[in-house]
Amino acid sequence: MTFQEKWELARSFIKCYLAAREGLTRLGILRSERTLQADYAEWLVAGLLGLELASSGTQRGWDAIDPQGKTYQIKSRIVRNLDVNTSFDITTIDCPFDY
């Protein structure tokens with residue numbers, strides 16, 4: 001299976017997951033956004049850029065590495081509209097990474 005096929009399949013599963021989360025939120029069971037977006041963003045970015053994810057999902061300081069050994073810190077967030085500005089304060093991260 002190609003990465004493109006995996007990506008399309010993942011998108012389909014995530015749409016179902018988000019619909020389930022929305023229903024659970026309406027019922028008052030879920031009250032916050034949690035880790036799906038972080039895990040999906042790391043997997044997606046690594047696949048698209050040809051990176052290798054850190055062996056641990058809790059790797060301190062970086063999330064992925066390229067073939068040249070450069071490290072990447074991957075951040076994400078959920079927005080309801082793509083016109084919403086997104087920024088991250090990486091000055092508070094005390095671990096070095098290249099990108």
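Predicted model: local features only at pLDDT ≥ 70, side-chain atom pairs only at ≥ 80, totals over all residues.
**Confidence**

Across the protein the mean pLDDT is 83, and 84% of the residues reach 70 or more. Confidence is highest in strand 3, at 94, and lowest in helix 2 (residues 36-49), where the mean is 83.

**A salt bridge within helix 1**

The structure holds one salt bridge, and this salt bridge joins E22 to R26, with 2.5 Å between the closest N and O atoms. Both residues belong to helix 1, where they are four residues apart, or about one turn of the helix. Side chains of opposite charge can pair when their charged atoms come close. E22 has a relative accessibility of 42% and therefore counts as partly exposed, whereas R26, with a relative accessible area of 68%, is exposed.

Two aromatic pairs are present in the structure. In one of them, the ring centres of F3 and W43 are 5.4 Å apart and the ring planes stand at 35°, so the pair is tilted. This pair links distant parts of the chain, with F3 in helix 1 and W43 in helix 2, 40 residues apart. F3 is partly exposed, its relative accessible area being 27%, and W43 is likewise partly exposed, with a value of 29%.

M1, L9 and F13 make a nonpolar surface patch of about 350 Å². Of these residues, L9 is placed in helix 1, which covers residues 3-26, and L9 is partly exposed because its relative accessible area of 38% lies between the limits of 20% and 50%.

A polar atom of the Q73 side chain lies 2.9 Å from the backbone oxygen of G61.

**Accessibility of the residues discussed**

The table below collects the relative accessible areas of the residues described above.

| Residue | Relative accessible area | Class |
|---|---|---|
| F3 | 27% | partly exposed |
| W43 | 29% | partly exposed |
| L9 | 38% | partly exposed |
| E22 | 42% | partly exposed |
| R26 | 68% | exposed |

Note on methods: Residues numbered from 1 in each chain as written. Heavy atoms only, no water. Polar contact = N/O pair within 3.5 Å; in protein donor to acceptor, adjacent residues only side chain to side chain. Patch = residues over 30% accessible without salt bridge, like charges linked within 9 Å, V, L, I, M, F, W, Y side chains within 5 Å. Areas by Shrake-Rupley, 256 points an atom, 1.4 Å probe, with all protein chains shown as cover. Salt bridge = Lys/Arg side-chain N within 4 Å of Asp/Glu carboxyl O. Helix = DSSP H or I, 4+ residues; strand = E, 2+ residues; numbered from the N terminus. Buried < 20%, exposed > 50% of the residue type's maximum accessible area, 1.4 Å probe, protein only. pLDDT = per-residue confidence, 0-100. Phe/Tyr/Trp six-rings, centres within 6.5 Å; stacked < 30°, edge-to-face > 60°.
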